Amino acid sequence: MRLNKFVFEDKFSSVLSPAAGRQRSRLHAIVIYVAVAAASAIATLSAAAQGAEEGAWITTWAATPAPRWSDDLPAPFGVPEVLENQTVRQVARISVGGNSVRVVLSNAFGTKPLTIGAGSVGIAGKDGSVDQAKPLTWGGKSSVVIPAGAPILSDPVELPAKALSEISVSVFLPKKTALSSVHWDGVQTAYISGPGNFTSDASFKADSTIKSRLFLSDILVDAAQDSKAIVFFGDSITDGNCSTPDANNRWPDHIATRLHVANRNVAVVNEAFSGNRVLTDGMGVNALARFDSDVVSHPRVSTVVLMMGINDIGWPGKNAITPDDKEPTAEDIITGYKQLIDRAHAHGVRIVAATLTPFADTFKGLPTEGYYTPEKEKIRVAVNKWIRSGSGFDGVIDFDKVMEDPARPGYLRDDYDCGDNLHPNDAGYKVMADAVDLDLLLGKAK
């Protein structure tokens, strides 16, 4: 692996919250683990896996972990607090393919060590079933204990995985386990068993299901050496909120399909988190705090696509989600953008921005209808004006124009609206992806 890609700088450590400090070390800790585990596992690696170990690994899928939030937020967390002696099976559609895979499990926000009794990875079938299930190991061992605040990277597993295929990852939690590192808005069914270890079972009898990701944060493949990665860094609109579960209709999913059809060897890494903000924690760690761990730490990332800021505008204020939070100005959000631009460029990564989409009358009639006000609309307009102005971004995707109702400026088009005046429906997400110039993402001049 190109370990220099996983080394973090301390230049921006002053912006990190204590919780984000654990998030910041998400892949940094992998470097330490790889150095130790490689020595014990190297004798068992195949020639193909050894080649991948030397530098071919690339992130083909990701889901940002975050801590549980407090009950004062209006959105219920909806994830069990603990599991014990149970197996969790999760499905993820990868972007680029390979002949071997590795899995990252995250205990980034755990306060105690996390015991993984067993694990497996395979090609996903229907209703939680799996084909070619192969055991996961860590340093050649079939179980592992993940320290609090750390991730863990599995040994390579030989598993031919085609681009855009669905991968199944199962983990057995033998001890009473707090579900502390969760990607809340998974938009994908996760299957939870009754008592027992079912990681090797082809079929899966679920006692319950949820639509969140539990501990699973990354899947890597030994893609071609010339592969690149694009990280999509955003909030619920990039996370696919309101899209059909299990259908892979997030707009970055459609980008992955377009890149594959166009024979571009480019991985799509979705590091969005619903509710995320540029400047403030809440549902997930703020963008400034998690940028190093969730963007520039990925191997061979060439471009980051930023679509974030609408929650900074909408969350604070009377009858909104966090009424006690300070309301930011457009200048505050723009200052955050400038930090992200500078930090991306310091790592040799291009940064492309998407304008903030219309949100007039968001949550109208609900207790949180203060998310939108005419005064907040002025902030959104000012932020979008700056994004379009040649502001330092390496490119701009004007989703505002794509999604706005031409007959009602400031409003999301009805045929793209999932019903809350903020989030697109499946058709809207597809239109967003189709509007993106792939050459802009890849940094190719016209």
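This is a predicted model: local features need pLDDT of at least 70, side-chain atom pairs count only at pLDDT 80 or more; totals for chains, interfaces and linings use all residues.
What is the volume of the largest cavity? The answer is about 220 Å³, where a cavity is, on a 1 Å grid over the protein atoms alone, a set of points where a 1.4 Å probe fits but cannot get out, and a volume is the space filled by probe spheres set on the points, with grid points joined across faces, edges and corners.

Residues are numbered from 1 along each chain as its sequence is written, and side-chain values use heavy atoms, with hydrogens and water left out.

Let me stay with the cavities. The structure holds four cavities of 30 Å³ or more. The largest cavity is lined by 20 residues, and those that lie nearest its centre are Trp61, Ala62, Arg250, Asp253 and Asn270; a lining residue is one that has an atom within 4 Å of a point. Two or more residues of this lining come from each of strand S1 (57–62), helix H5 (251–261) and strand S19 (266–270), where helices (H or I, at least four residues) and strands (E, at least two) are DSSP runs numbered from the N terminus. By class, the lining of the largest cavity has eight nonpolar, six polar and six charged residues, with Ala, Val, Leu, Ile, Met, Phe, Trp, Tyr, Cys and Pro counted as nonpolar, Asp, Glu, Lys and Arg as charged, and the others, Gly among them, as polar.

Asp253 forms a salt bridge with Arg250, with the closest N and O atoms 2.6 Å apart; the term stands for a side-chain nitrogen of Lys or Arg within 4 Å of a carboxyl oxygen of Asp or Glu. Are these two partners buried or exposed? Asp253 is buried, with a relative accessible area of 12%, and Arg250 also counts as buried, at 9% relative accessibility, where buried means under 20% relative accessible area, exposed over 50%, and partly exposed in between (1.4 Å probe, protein chains only).

By this rule the count comes to 15 salt bridges, and I will pick out two others. Asp400 and Arg388 form a salt bridge whose closest N and O atoms are 2.9 Å apart, and this pair links distant parts of the chain, with Asp400 in helix H10 (residues 399–403) and Arg388 in helix H9 (residues 374–388), 12 residues apart. Asp400 is buried, at a relative accessible area of 8%, whereas Arg388 is partly exposed, at 34%. Both belong to a network of salt bridges that links Glu377, Arg380, Arg388, Asp398, Asp400 and Lys401. Arg408, in turn, forms a salt bridge with Asp405, the closest N and O atoms being 3.4 Å apart; here Arg408 counts as partly exposed, at 32% relative accessibility, and Asp405 is buried, with a relative accessible area of 14%.

Now to the pockets, where a pocket is an open set of points with protein on both sides within 12 Å along at least five of seven lines. About 340 Å³ of space lies in the largest pocket, which is lined by 18 residues, with Ala75, Met283, Ile321, Phe363 and His423 nearest its centre. Its lining divides into 10 nonpolar residues, seven polar and one charged. The second largest pocket has a volume of about 280 Å³, and of the 16 residues that line it, the closest to its centre are Lys112, Pro113, Lys176, Thr177 and Ala178. Strand S5 (114–116) and strand S12 (177–178) are the elements that give two or more residues to this lining.

Finally, the sheet. Six strands make up an open sheet in the order S7-S6-S11-S3-S14-S15, with antiparallel pairing, where two strands pair if DSSP finds at least two bridges between them. At the edges are strand S7 (130–135) and strand S15 (208–210), each of which pairs on one side only. Strand S6 (residues 118–124) pairs with S7 in the antiparallel sense over four bridges, with Ser120 opposite Pro135 in S7. S6 also pairs in the antiparallel sense with strand S11 (residues 166–173), over six bridges, and there Ala118 stands opposite Phe172. S6 is mostly covered, since seven of its seven residues are buried.
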